[in-house]
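Please look at the sequence and the structure shown here before reading on.

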Amino acid sequence: MTIADQAPVAPVVDEEEAARARKDRIHRVAKWTLPSLVMVLSVLAWHLYVTLNEVPHYILPGPLVVAQSIFDDWGLLWPAMLTTTRLTVLALIFAIIGGVALAVAFTQSKWAEMSFFPYAVILQVTPVIAIAPLLQIYMDSAFGAALACAWIVAFFPILSNTTIGLKSADHNLEDLFTIYGASRWQRLRYLAAPSALPFFLGGLKIAGGLALIGAVVAEFVIGRAGTGLGLASTLLEASYRFNFGRLYAALILISGMGVVIFAITSLISHLALRKWHESAMMRER
Amino acid sequence: MTSIAQRPPLLTMSHIEKTFGGDVVALRDMDLTVNEGDFLSLLGPSGCGKSTVLRLISDLMHPTRGKIEWAGGQGSDDLGVVFQEPTLMPWATVAQNVYLPFRLKGMTYDRVQDDIQEALRLVGLAQFQDAYPRELSGGMKMRVSIARAMVTKPRLILMDEPFAALDEITRFKLNNDLLELKAAIDCTVIFVTHSVFESVFLSDRIVVMAARPGRVIHELEVNTPYPRHEDFRTSAEYAAHTRAASEALGEAIGEAA
C-alpha cells in the first residue's frame, strides 16, 4: 500500500471495524430490550390464556390477580420476606466465616485436612432435607434450625473453592517467598489469599444461591409446624388454602431475592477482580 | 574490573551430588567456585542439571552429597532470583511487585520507596509503576522481574534462562541492559542458558555442563572487558569465543548421547 492510497483525513475506520461497532451498539440495546420484551409478551400470553379460557383462580391465577395479591398481602409478605432475607444472609455470612476459616486450617495443616475433609464432604452430600427434622428436634428455635440447614448447604462451595484457591499459588512465587524467608503468615497474606480470591468469589456466587435454596427448604420442612417462618412457609401455607394468588406472589418475591443475591455477589466479584483477573477483563476481539 | 583469578571466592560447591528418586542422578561430583563479581554462565543441554545447581544455591533443595560453602559463613539469604517466567503477582502493581522482597523482610513501603523508584528507573519502567502486569509486554514483565531481583542490591543474582521465552530482538536489548545493570549495582550473577550467543555476550566465565549425569566438562573465559556494547556481537573476538563455546557445547551434547 502506498501513502497515496490512504485517505489523509480522520482516523481510518475500515469496514470490519465499522461493522463491529454497529454490532456492539445493537448488542448493548438488545441485551436489555429483548428479555424485557419476552417478559411483557409472556405476561400478556399468560393473561390472555387465563381470561380467554376462563381458567379458575385455584388452578392458575392471572397476572392481575397475582399483582393484586402482592399489593393486598404486602403486610404479610413483607415481614416474611425480611425473615427469609435474614435467614439467607446470616447463613451466607456464617458459611463465609466457617468455609474460609476451615479452608485456611486445611491448607495450614495437612493433618487437619486429612482428619476433617471427609466429614465436610459427608455433611455436604447428605441431603439437607433429611437432616432438617432432626435439627428441629434438637434446636429450640425454629429460626436457628432453619439457619443451620441453610448454612450446611451454603458452606461447602466456599470451603471447597477456597481450599483449591489457597493451594493454587504460582510455584515459582512459592519458591521466591521461600528464598526471601517469608513467614507462614506472610505467605498466607501476600500469596495464598490473593491467589485464592477469584476461587473464593466463584464459590460465593454459588453459595449465595444455595443459601436461599437452603433457607427455602428449611422453611418448608421446619416452618410447616406452624412456626410461620418466612416466604417459603407463606407459600406452603397459601398452597394448603388454595390461595394461588398469594402463592404466586410469594414465588415471585423468592425469585426476585435470588436475582438480587446473584447480582450483588457478581458485582462484588467484578469490583474485586476487575483490575487484574482475566475473568473480569473485557477482551479485544 | 579485576581479572577472574584475583577475585575473592563468594561460594564454593565441592563434590556435589544430587539424586532424585534414588536412581536419577541430576548432578555428579560437581565442583564450582563462584567469585565475587563473576558473570558466570551455566551452559548446557536440557537435563544437565543447570537449574538444579541454582536450586541448590538458593537452598530450595539440599545436595545428596557434598557441600556448598559461602565466604564469610554467609547464607543464601542475600539473593535475587529471576525465573524463566516473569513470575509476577498479577494482583499487584509493578511497584508493589518490586516491593515484595522488602515487604517480606518487614520494611515499610515508605522507607524503601526510593530504592524501588531507582530499580524501576534502571530497568526503564519508571513511568509504569502503577500498571498491572497484564498491561505489560513479555519483555517489560521480565524487566519488572529483574528490578525485583536487584532492588535489595543482593550480592548474588541467580537467573534461570530468563530470556528464553522472548523474541530475539527483545532478548538482545535485555542482554545489553542487563550488563549495564550489573555494572550499576556491582553484584555477582549466575546465569543459566542454553544459548551460546547469550553466554558469550554476557559472561566472563562460561561453565559448560553435560547431561546424564549432570556435570561440568569445560570452563571457558571470555576476557573481553566490560562495558560490552552492541558492536561486540559483530567482532572477530566474539566469533572466536562463540566458536570455542559451541565446540565445548557440542562435546557436552555428544557425551550425553
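This is a predicted model: local features need pLDDT of at least 70, side-chain atom pairs count only at pLDDT 80 or more; totals for chains, interfaces and linings use all residues.

Residues are numbered from 1 along each chain as its sequence is written, and chains are lettered from A and ligands numbered from 1 in the order in which they are written.

Chain B holds an open sheet of 6 strands with mixed pairing, in the order β5-β6-β7-β3-β8-β9. Strands here are DSSP runs of E with at least two residues, helices are runs of H or I with at least four, and both are numbered from the N terminus; two strands pair if DSSP finds at least two bridges between them. At the edges are β5 and β9 (215–221) of chain B, each of which pairs on one side only. Within the sheet, β3 (residues 39–43) and β8 (residues 205–210) of chain B run parallel and are joined by 4 bridges, and B:Leu43 has B:Val208 in β8(B) as its bridge partner.

Helix α4 (residues 138–150) of chain B packs on this sheet, touching β5 and β6 of chain B, where a contact means that C-beta atoms, placed from the backbone, lie within 7 Å. The direction of α4(B) makes about 170° with that of β5(B), the axes being lines fitted to C-alpha atoms (for helices, over the stretch in contact) and the angles running from 0 to 180 degrees between N-to-C directions. Of the 13 residues of α4(B), 10 are buried, among them B:Val144 and B:Ala147; a residue is buried if 20 or more other C-beta atoms lie within 10 Å of its own, exposed if 12 or fewer, and partly exposed in between.

The largest nonpolar core has 77 residues, and B:Val98 and B:Ala147 are among those with the most contacts inside it; such a core is a set of buried Ala, Val, Leu, Ile, Met, Phe, Trp, Tyr and Cys residues joined through C-beta atoms within 7 Å. A second, separate core of 61 residues includes A:Val66 and A:Phe106. In chain A, A:Gln124 lies in helix α4 (residues 110–125), and A:Gln124 counts as partly exposed because it has 15 C-beta neighbours inside 10 Å.

Finally, the contact between the chains takes 16 residues from chain B and 16 residues from chain A. On the side of chain B that touches chain A, the largest share, 3 residues, comes from α2(B).

Conventions. Two residues are in contact if their C-beta atoms, placed from the backbone, lie within 7 Å.
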